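Let's walk through this structure together, one piece at a time. Have it open beside you as you read.

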Amino acid sequence: MENYIAKTNLELAIETKNLEVIYGDHQVVFDSSLEFPRHKITAIIGASGSGKSTYLRSLNRMHDKTVTVNGQIVYRGVDINQPSVNAYEVRKQIGMVFQRPNPFAKSIRNNLVFPLKENGITDKRVLDERVEESLKEAALWDEVKDDLNKSALELSGGQQQRLCIARALALRPDILLMDEPASALDPISTEKVEATMRKLRRNYTIIIVTHNMQQASRVSDFTTFFHQGRVVEFAPTQELFQTPRVKMTEDYISGNFG
Amino acid sequence: MNAKRNDHLATGIIYALVGIVVIILFGLIGYILVSGVPHLSWHFLTSPSKSFAAGGGIRDQLFNSVYLLVLTLLISFPLALGAGIYLSEYAPDNWLTSLMRTAIEVLSSLPSVVVGLFAYLVFVIQFQIGFSILAGAIALTFFNLPLLTRNIETSLSSVPNLQREAGIALGLSSWKTITGIILPAAVPGILTGVILSAGRVFGEAAALIYTAGQSAPALNYANWNIFDTNSFLNPFRPAETLAVHIWKVNAEGIVPDIDVVSNGTAAVLIIVILAFNLSARYVGNRLYRRLTSSK
């Protein structure tokens, strides 16, 4: 299949080499080699069933025990797609936000404190700092600072999603994977989540899977287009949307998809 | 027939059916309470039962029922919790797992007399535990296990998978995710199961006749040495419960005030179950709120 992968001279956060994902005897992702620049937002677009979410989830080893992932995932010079690499440590470095908000049935504060405590942080002062910093980073602090002991389930959908972002950030990850983080939200909440992402770019590498091409063009620096489990194109976002190199990409973004 | 009429008709039928259920339930409970409550007195609740003379109470039977429930739950809840967690979170989807599920279902539909006789032969006779609270608690565990296991499994499974993914994605182990996130969220469902099974334990008679026995030896409530035969805490003593007492008084009682004793006992049984139900719900709600900080 024809494809085009732009070369960047930027420092990389993570890259995959010939990655393939197989469910039983059904292969979902084929031979995908991609490089994700550090402290940039890269969007993964593609139709339903194109394997983009599956690809994303393999990056922090969410697939362990359920599917087979072949190929390399290189993070800080190490191939983390090996059984000898501790997947729990990987997930602390590579956080994840899901399609639907999934706060724990705990207070707002404990949503952040519980994973921190389980990861060995028990000093109350440090915990309080992390809670405040993370909620500020996720642009939720001003809305919840007066009732941190309220149940997270009482927040609105958009607030819950920002809480989930804050929860992921509280572990101080390096990379944040987002699997269609705004698809269950209304436009106003979506705008808030996007604004949060733009702010986070300064300190984090973000890889976001999205159905929404406007969203990809609004927030991302780079975009990659997946089709039927393969990488079709990877380029700076503006280039990909204005001058796509591959016919299939052009068809998809212009809506002429058969 | 138009949609509106259909709807009225269906609603009417549903109300009628609900009405029948409510009438039966309230009729039964009302009858038991009306015929039993007038016989209740402080004396009835706090004096031991009598074999021949009138005026016996149910002090020991009342305590035995509660003690038996506590013992049964102490044995069956940890077992059911472990099995439920395994079935819901760890069990692979294969023939062995479905065989286990089937076995659990079969166990839950065994007649209580059969379970009672089995426990009698194995524990009372073979293991020489004798007629005792412990043998009764083990027999009741056989009833309780399938119900509780099933209930805990269902409660855990109904917590959305998104919660598990969230835990895993934060670098938590499966075990931490289960104990810290899934289990607290499942508390209300698990509690309902415990309450239902407790009602069954309180009301069970057939299985206890052969295991916990039909006699209520005099108890000394000041004796805390669980190895003394007259200590109220001794799990190796025979212990007649409220339900067994009702059966025994009616079947072979020779006291002159059979009606008074059995009606009064039945009323106490209902009230105790109700009280346990309400207090378990109260405690459970508080526990849930503490674990999840919801209002």
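For chain B, UniProt lists "domain: ABC transmembrane type-1" at residues 62–282, in an unreviewed entry; positions are given in the numbering used here, feature names are shortened, and such annotations may be inferred rather than shown by experiment. Over residues 62–282 of chain B, the chain is 73% helix and 0% strand, with the end C-alpha atoms 22 Å apart. Helices here are DSSP runs of H or I with at least four residues, strands are runs of E with at least two, and both are numbered from the N terminus.

A quick word on the ground rules. This is a predicted model, where local features need pLDDT of at least 70 and side-chain atom pairs count only at pLDDT 80 or more, while totals for chains, interfaces and linings use all residues. Residues are numbered from 1 along each chain as its sequence is written, and chains are lettered from A and ligands numbered from 1 in the order in which they are written.

Now find helix α7 (residues 161–169) and helix α8 (residues 174–203) of chain B: they pack at an angle of about 150 degrees, with axes 10 Å apart. Axes are lines fitted to C-alpha atoms, for helices over the stretch in contact, and angles run from 0 to 180 degrees between N-to-C directions. That angle makes α7(B) roughly antiparallel to α8(B) (the label for angles over 145 degrees). From α7(B), the contact includes B:Gln163 and B:Ile168, and from α8(B), B:Lys176 and B:Ala185 are among the residues involved.

Chain B also meets its neighbour: 25 residues of chain A are in contact with 19 residues of chain B (C-beta atoms, placed from the backbone, within 7 Å). On chain A's side, the elements giving two or more residues are α2 (87–93), β7 (94–97) and α3 (108–118).

Conventions. Two residues are in contact if their C-beta atoms, placed from the backbone, lie within 7 Å. Angles under 35 degrees count as roughly parallel, over 145 as roughly antiparallel, 65 to 115 as roughly perpendicular and the rest as oblique.
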